[in-house]
Amino acid sequence: MQYVLKALAGLCLLLLVLLCPKEMGAQTGDSILTRELEEVQVNGTKKMSLAASVSPVQVLSGKALQRLNSFSVADAIRYFSGVQLKDYGGIGGLKTVNVRGMGTQHVGVFYDGMQLGNAQNGIIDLGKFSLDNVEAISLYNSQNPDIFQPAKSFGSASSIYITTQQPTFKDSRSYHLKAALKTGSFGLVNPSVYWQQKVTATIATTISAELINAHGRYKTRYQKWAYDTTIIRQNADVASQRIELAIQDLNKDTTTHWKIQGYFYNSERGLPGAIVAERFYNSQRLWDQNFFTQGSFQHRFSQRYRTLLRFKYANDFTRYLDTTIKKIGGAPLNNNYRQQEYYSSWVNEFTIQKWWKLSLATDWAINRMQANLDDFAYPTRSTKLVAVATEMCWAPITISGNLLGSFINEKVKRGDAAAEKQELTPAINISWKPWGSIPLSFRSFYKRIFRMPTFNDLYYTIVGTTTLRPEYSNQYNIGAQYNEYFLPLKLGINLQADAYINKVQDKIIAIPANNLFRWSMINLGAVSIKGIDIHTSYILTLKGKIALNGTLNYSYQEAINKTNGQRSYGHLIPYAPKHSGSATLQCSYQSWGINYSFIYTGERYMLPENDPQNYLMPWYTHDLALTKKLAFKKAFFMVAAEVNNLFNQYYDVVINYPMPGRNYLVKLSFNL
């Protein structure tokens, strides 16, 4: 409660400052800092945004995103600083992201502005999401600073925003068609199509569809003490289908905007499993069916008031089969899980002065889960969220803050339900641009947030514990950003550096009970995380013909276990490297392009105890791609050839889940 009182006192102080004479607002009203500045056009093909953000943000968008050697959203996120990707190998392997050592469950993933949910385990598999219809991927530490957003957007320690392509029509056309085919290693066949169609002058529809088929077998090297062999990973096949449909308005000059979309994903894949005791084959299978429909409606009533309505319904089915585990009677383990989510949101924004905005957002969500497990609880979680947020901009300072109220109630059909939760969590962001002629700004934020225990944490048979408390975190950040475009040199640069401290309390961990098959979830852990993120991006045009752009990222992180009484006290937490980084270089000349990328992850430990036997070697990969564009009348073609893991390094992102060696990809695309 002390954190809430401090936050309320701080917000009251800010309001007192704002009650100063009106002349202050009048003097600064014409020089309000904006979050987005106009883009700078370079040589007719390259663009670079000179925007400064109140919160640390990294963005991959447009052509730069499509040129990366990335097959899915998960692959692209590897190039952000402060991010650790857990990859269990292969095209169909589970891929989750951890930002600044906070854990996967603390990362909110938003698809066109609405959060993807998984009440079962809190994990979003980013490997499911293709890049074929994605326009931009953004990573916000803390949160998106825009106050005109649902209350859920304030409820994560960090946020990933996936923005799909918006309808664009050129040359008075009423349609836009894009088709692509990818093939290469692992028996991959991946056709996709993206079609935009004008229905009326102000309404358009889009359809995006994709198929993925691959046997998933790849050669890799397995080393364990004196054991060293080359193996072929088995049972890593995948067959998936995805289709998305959307209808929306096109007129950006009107006061009303709306969009309705639907998403369906179906897959069957093998799970190659961990290599343990020289056992190289696992027979687990996984089936997924994910469906959601969502919509948004925005209307501006006046210059001082606008409103936003959003809704979503999601239905997810998962089937897990393991023939190596036999139940009573000899039948194999065959578990089915189904989740439903109902969600609605209402956001209201008020412009009190030119430099002062206030918003009120109310969200309501219901999550249900069914499973064919013995004595399953069949939980239902009702979540009500209320967020009050404010933003004040007067040169050279921008301040935004919010207070989020979370009210959570659970019911079960069998057993005991978890206790009601009522939490108030604050956040505040400050940006300062001291010199008008120098494009240098400073920023800082504080945020306290929590994550609820998942349904698995609370109700999973034998393992779950309904007395678990939420996992709390306090985040502190201070940083700087420099943006400049040197017109004579045709050089644009963006530099960002942030230092941060994260403290996690009541961390939820699993400990063995009577035997290794009986585990219990408890609140025991505490973690202290300190780090520095550095990001550099640039764009350069040489003699009007050659365009260069690229990024350079570096992260230093020290994530220490602070749980009293444990032997691992003071040790680095598992899979948290001190040093990591990435670099990309993209070069284009007329219709040719070459793209290079490099990723490095430093030494880590696979278990809480930092003993020599738990040590994991650093790993790094080099990727290379060559592209060629062709034009025929009004159609455009592109051919791309990629070599991933160029130097054939064998490594594990997750221990005993070896990654592929050198592999290849060829892409053919068509635009009309």
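A salt bridge here is a side-chain nitrogen of Lys or Arg within 4 Å of a carboxyl oxygen of Asp or Glu. Both Asp 87 and Lys 95 are buried, where buried means under 20% relative accessible area, exposed over 50%, and partly exposed in between, with a 1.4 Å probe and protein chains only.

Before going on, some ground rules. This is a predicted model, so local features need pLDDT of at least 70 and side-chain atom pairs count only at pLDDT 80 or more, while totals for chains, interfaces and linings use all residues. Residues are numbered from 1 along each chain as its sequence is written, and side-chain values use heavy atoms, with hydrogens and water left out.

Back to the salt bridges. How many does a search of the whole structure find? The search gives 21 salt bridges. One of them joins Lys 182 to Asp 132, with the closest N and O atoms 3.6 Å apart. Lys 182 is in strand E10 (residues 175-184) and Asp 132 is in the loop between E7 and E8, so this pair ties together parts that are 50 residues apart in sequence. Helices (H or I, at least four residues) and strands (E, at least two) are DSSP runs, numbered from the N terminus. Lys 182 and Asp 132 are both buried.

Another salt bridge brings together the side chains of Arg 242 and Glu 210, at 3.1 Å from N to O. Arg 242 belongs to strand E15 (residues 238-249) and Glu 210 to strand E12 (residues 203-214), 32 residues apart. Again, Arg 242 and Glu 210 are buried. There is also a network of salt bridges, which links Asp 125, Lys 128, Arg 269 and Asp 288.

Next, the nonpolar parts. A nonpolar core is a set of buried Ala, Val, Leu, Ile, Met, Phe, Trp, Tyr and Cys residues joined through side-chain atoms within 4.5 Å. The largest one has 40 residues, and those with the most contacts inside it include Val 73, Val 97 and Ile 160. Several elements each supply at least two residues of this core, among them helix H4 (73-77), strand E5 (95-99) and strand E9 (158-164). Which element gives the most to this core? That is H4, with 4 residues.

Take Val 97 as an example. Setting aside neighbours within four places in sequence, Val 97 is in contact with residues including Ile 77, Leu 85, Leu 126 and Ile 160; contact means heavy atoms within 4.5 Å.

Now the sheets. Five strands form an open sheet in the order E3-E8-E9-E6-E7, with mixed pairing. Two strands pair if DSSP finds at least two bridges between them. At the edges are strand E3 (57-61) and strand E7 (114-115), each of which pairs on one side only. Inside the sheet order, E8 and E9 pair in the antiparallel sense over 7 bridges, and Ser 138 stands opposite Tyr 161 in E9.

Lys 629 has Met 638 in E34 as its bridge partner. The hairpin of E33 and E34 has 2 residues between the strands, and Lys 633 takes a positive phi near 55 degrees there. E34 also pairs with strand E37 (residues 663-671), in the antiparallel sense over 9 bridges.
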